[in-house]
Structure formats: structure tokens, C-alpha cells
Amino acid sequence: MALDILDKANLQYKFWLKVLSSGIVSLLFLFMFDGSPSDAIPAFISGLAGYYICERIGAYFKIRFFAEFAGSVVIALIAIACVQYFFSESLDKIIIAGVMPLVPGVPITNAIRDMMAGQLIAGITKGVEAALTAFAIGAGVGVIFIIFGGTI
Amino acid sequence: MIIFQAFISFFATLFFSIIFNAPRKLLIACGFVGAIGWIVYYIANSNGLSDAVSIFLEASPLVYVHISLQESTSVLSSSLMYQVSYHSSPGVSLTMQQRT
């Protein structure tokens, strides 16, 4: 009975609210990392667009870790375009702030908690998944840096 | 500067909790725990301690506040801990949809 209620319950927030909050998270993380106010708008846009692309592609393709790759590609492209054509200053801070909604912190915490509780297999698999997700994000940013490396 | 950092980290944690579907009545609590943790990290790190030591110091008030919030709101706060521990680990992933 309670399980039926839980099965039918809609516990998610609205999608547009999540996308908007990811943009705000990127904006606030820029200031937590001592960014300058001229980078605020690129950080907001890149965080918002990165999370949106990641969610959409993750729902569309069934390839693991491709969504994070595509999201970080979009984030790096927006950051490079803003640094080149607008008055933004620091490329690295925009990318770090924009990537914050994507990077796996909760799975790392859960993996350590699982291992401390004795669930060794669950902990190791979650840890490997978190590491591969982080690798995908880094690869996405790195590919864009290699392609546009001469123009920065 | 510390007040500004506390303000910023409060709202950052709050919006992170929205991304990860925290229960609506826990959002303010998540914000407070995140702000307290970030303040401890910020003070420790700006006084010359290394990153690892600062994060280790950050974790103890996080757990204390988290337990006292659990007693006062009578909500199982394991999800609260997940939302606020993103400082200590590099970011948050999309797989968590833990609800109380």
C-alpha cells in the first residue's frame, strides 16, 4: 500500500527549475572560487547549458558517460567563446564553475560510505563509475582545448 | 569577506539541493549546513592549512549540525548529508535521487 503510493508519487522538481538552479549554482561557485564579476554571465550560461545538454543527451542516448562528455564540450566551447569575443578574463574559473553541476561528488561520498559499511563490491563499482564520469568530463574539456588550442 | 562567502555558499548549497531533489522542507537546512561547512573550510584554508586538513576539519561540524538538525526536524537526514557533502568531494553527480 505504502509502496504503491511511493511508486505513483512525483518526487522530482520541475526540469526548468533544475536547469535554472544549475546556472545559479555555477554563478555562485564562481564567486566562491574568487572569480571576478566580469566572468559571472559566462559562468551562468555555461552551467545552465551544460546541465541542460547533459540531461537531454543522457535521456536520448543510452551510451554511458557520453552525456557528461557532451556537456563539458558545450561548457568549454561557451567559455572559450566568451573569453575570446567578450570581456571575460579567466578561462579556467569559468570552466571550473560551469562544470560543477556535472562532476561526481555524491557518488564518491557514497562509495566511501559503502566501503566503510562493509559493502565492498558496491563501493568499488560506484567509485569506478565516479572516476569514469570525471574522466569523461575532463576528456570533453581537453578535446576542445586541443582543437582550439592555438587560438586562445 | 567571510559574511559574503557564507551568504554565497548558503545559496549554492540550496540550489544544489534543488538539482538533487531534496525534500522541500529541508532546503533551508541544507543551505545552513553547507554554509557552516564552507566557512570552516575557508577559515582553515586561508590560514595556511592544506586542502586535505581543511576538509577534514570541515567534516566534523558538518556531522554535528546534521545530527542536531535530524533531532529538531525529526526527518531522516541521510539525504541532507549527501546534499551538503559536495564541498568535501569534487562535485555532485546526477545519480543521487535519495529521498527521506
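Predicted model: local features only at pLDDT ≥ 70, side-chain atom pairs only at ≥ 80, totals over all residues.
Residues are numbered from 1 along each chain as its sequence is written, and chains are lettered from A in the order in which they are written. Local features need pLDDT of at least 70 and side-chain atom pairs count only at pLDDT 80 or more, whereas totals for chains use all residues.

In chain A, helix α3 spans residues 40-60 and helix α4 spans residues 66-85; helices are DSSP runs (H or I, at least four residues) numbered from the N terminus. Their axes, which are lines fitted to C-alpha atoms over the stretch in contact, lie 8 Å apart at an angle of about 155°, on a scale from 0 to 180 degrees between N-to-C directions. The two helices are therefore roughly antiparallel, a term for angles over 145 degrees.

Contact means heavy atoms within 4.5 Å. Residues of α3(A) that meet α4(A) include A:P42, A:I45, A:A49 and A:I53, and those on the α4(A) side include A:F66, A:A70, A:V74 and A:I78. The residues of this contact divide into 13 nonpolar, 4 polar and 1 charged; Ala, Val, Leu, Ile, Met, Phe, Trp, Tyr, Cys and Pro count as nonpolar, Asp, Glu, Lys and Arg as charged, and the others, Gly among them, as polar.

Chain B contains 4 helices and 0 strands, strands being DSSP runs (E) of at least two residues. Of the 100 residues in chain B, 52% are buried, that is, under 20% relative accessible area with a 1.4 Å probe, protein chains only. Among contacts in chain B between residues at least 6 apart in sequence, 60% join residues at least 24 apart.

Note on methods:
Heavy atoms only, no water. Parallel < 35°, antiparallel > 145°, perpendicular 65-115°, else oblique. Buried < 20%, exposed > 50% of the residue type's maximum accessible area, 1.4 Å probe, protein only.
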